[in-house]
Structures are given as C-alpha cells and as structure tokens.
Amino acid sequence: MAILNPTTVTVDAILTTKGRELLARNDGSFQITQFALADDEIDYTLYNPTHPSGSAFYGEAIENMPIIQAFPEDSQIMRYKLVTLPRGTSRLPVVSVGYNTITLKQGASLTIQPQTLNYLGAASTFETNGYIATIADIRLLSSFQGTGINNSTVGNNNLNTTTGTVLSKSELGTAFTITGTTINTLFGSSLTTLTTTITFIGRDSGARITIPLNIQKVSTI
C-alpha cells in the first residue's frame with residue numbers, strides 16, 4: 001500500500017491474488033494480522049543539514065518526493081522494508097546463502113539453507129521464523145520447495161511454467177530446494193543458458209540478498 005497524501009493520510013491498498021480469494025469467500029477468513037513498512041522511494045542522500053532556511057527544511061527534498069503507486073508484486077515493490085533491531089545494534093544483519101551466483105544444469109537440484117550474519121549478537125544464526133525465497137522467473141525451475149515452515153508456498157501454487165510470461169513465485173522455509181527446468185523450448189534455438197534471480201529475505205531481521213540463478217541447457221534432455 002502507499003500513503004498518497006501525507007496531509008490527509010489517505011491509504012491506497014491493493015490486495016494480492018490470495019487476498020482477493022480470501023475476501024471473496026466472505027466467511028471471515030480474510031484477516032489482516034501483519035503488515036510491513038518500506039521506504040523504496042526515499043533517497044536519503046537528499047537530506048540537507050546545510051539548508052539555508054534552517055533545520056525545519058533539512059528533509060524538505062525527501063518530504064516532497066513522489067510516492068510509488070501500490071501494486072502486488074513483491075519482487076518489485078517493498079524491497080527495502082523497515083525493521084526494528086535491538087538497541088545498541090552496531091551492524092546491520094546480512095543474509096548469506098554461501099553463493100554469489102547459482103548455476104545449475106537442466107534437471108539438477110540444489111538445497112540452499114540461508115543464515116543471517118550479525119543478528120541478535122551472533123556472528124551467524126538461523127532465524128526463528130525462517131526466510132522468504134522468491135524466484136523471479138519460475139519457468140526456469142521444474143521444482144521449487146521450501147521446508148521447515150508450515151504452509152510454505154506463498155501465493156499461487158499452480159503456476160503454468162511453460163507460458164511465455166515471466167512469473168515469480170515465493171516460498172517460506174528454513175531450507176529451499178530448487179531443480180532446473182527440463183523444458184528445452186524455453187531456450188529457443190540459440191540460447192544455452194537462462195538467467196533469472198532468486199531473493200532471500202529474513203522474516204525476523206528483514207535482511208535480504210538477491211543473487212543470479214543460471215540454468216544451463218543439456219542437449220540430451
């Protein structure tokens with residue numbers, strides 16, 4: 001959602017597909033129990049402590065910035081969520097998955113277990129509520145599964161992975177297993193590698209990491 005006018009606090013909210021499904025049931029199953037705040041559209045370098053008009057105008061440029069229109073695509077909006085960290089925190093948490101880039105051959109599988117660095121006083125730890133993993137183009141995977149958290153699939157669990165449209169998919173878990181697609185038609189006549197990204201977000205810390213994911217064509221498949 002986005003606050004369109006800060007003087008009247010008008011809120012523009014757009015439901016996701018899952019939200020509309022629950023609302024349409026009209027049986028009380030649509031309950032908003034959590035929310036998140038983000039500052040994607042804010043450029044903090046515009047804060048000007050030398051403004052000639054005084055301290056009341058230091059943040060004038062930031063306050064006058066346009067607000068991003070709300071839309072239900074979590075790989076493109078609310079990428080920089082606001083988080084609450086313990087008092088005295090000197091270093092921001094960082095998610096690590098052990099890879100800078102992931103490359104898989106068609107049909108090959110890999111299990112990824114994220115961990116969070118610099119969180120709650122520990123050099124590295126696994127977050128209690130797990131992680132959200134989002135693949136930007138699910139067509140590149142024949143299987144994408146999160147484990148360790150109940151109700152691990154977020155959103156539509158029946159995506160058409162042969163369509164020409166790029167579709168993202170998210171999973172909840174403490175570990176994630178991915179398997180490269182075996183559909184050769186996605187490579188066309190000349191490509192040998194398909195590339196997308198996969199993003200991991202700590203559900204407790206708000207820390208995130210996005211890394212490239214490459215699927216290499218195997219001619220015998």
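**Exercise 1. How many bridges join β5 to strand β12, and in which sense do the two run?**

Solution. Four bridges join β5 to strand β12, residues 175-180, and the two run antiparallel. The model is a predicted one.

Step 1. Pick one pair. Ser109 stands opposite Thr179 in β12.

**Exercise 2. Gly146 is in strand β9. Work out whether Gly146 is buried or exposed.**

Solution. Step 1. Take the relative accessible area of Gly146, which is 3%.

Step 1. Apply the cut-off: buried means under 20%. Gly146 is therefore buried.

Step 2. Look across the chain. Gly146 and Thr177 are 31 residues apart along the chain, and their C-alpha atoms are separated by 6.5 Å.

**Exercise 3. Describe the sheet with the order β3-β6-β7. Which strands stand at the edges?**

Solution. Step 1. This is an open sheet of three strands with antiparallel pairing.

Step 1. β3 (94-96) and β7 (122-125) stand at the edges. Each has a single partner strand, so one side of each is left without a neighbour in the sheet.

Step 2. The twist averages 25 degrees from one strand to the next.

Step 3. Now the pairing. Strand β6, residues 115-119, pairs with β7 in the antiparallel sense over three bridges. Leu117 has Ser124 in β7 as its bridge partner. Tyr119 stands opposite Ala122 in β7.

Step 4. Finish at the turn. The hairpin of β6 and β7 has two residues between the strands. In this hairpin, Leu120 takes a positive phi near 55 degrees.

A background point: strands of a sheet pair through backbone hydrogen bonds, either parallel or antiparallel.

**Exercise 4. Locate Tyr131. Which side chain does Tyr131 join in a polar contact of 2.8 Å?**

Solution. Step 1. Tyr131 lies in strand β8, residues 131-135.

Step 1. Tyr131 has 1% relative accessibility, so this residue counts as buried.

Step 2. The polar contact of 2.8 Å joins the side chain of Tyr131 to that of Thr116.

**Exercise 5. Characterise the second largest pocket: what is its volume, and which residues line the pocket?**

Solution. Step 1. The second largest pocket has a volume of about 260 Å³.

Step 1. List the lining of this pocket: Arg79, Tyr80, Lys81, Val83, Leu92, Pro93, Ile201, Ser205, Gly206, Ala207 and Arg208.

Step 2. Sort the lining residues by class. Six are nonpolar, two polar and three charged. Gly counts among the polar residues in this sorting.

Terms used
Residues are numbered from 1 along each chain as its sequence is written. This is a predicted model: local features need pLDDT of at least 70, side-chain atom pairs count only at pLDDT 80 or more; totals for chains, interfaces and linings use all residues. Side-chain values use heavy atoms; hydrogens and water are left out. Two strands pair if DSSP finds at least two bridges between them. Buried means under 20% relative accessible area, exposed over 50%, partly exposed in between (1.4 Å probe, protein chains only). A polar contact is a pair of N or O atoms within 3.5 Å; within protein, one must be able to donate a hydrogen and the other to accept it, and residues adjacent in sequence count only if both atoms are side-chain atoms. On a 1 Å grid over the protein atoms alone, a cavity is a set of points where a 1.4 Å probe fits but cannot get out, and a pocket is an open set with protein on both sides within 12 Å along at least five of seven lines; lining residues have an atom within 4 Å of a point. Grid points are joined across faces, edges and corners, and a volume is the space filled by probe spheres set on the points. Axes are lines fitted to C-alpha atoms, for helices over the stretch in contact, and angles run from 0 to 180 degrees between N-to-C directions.
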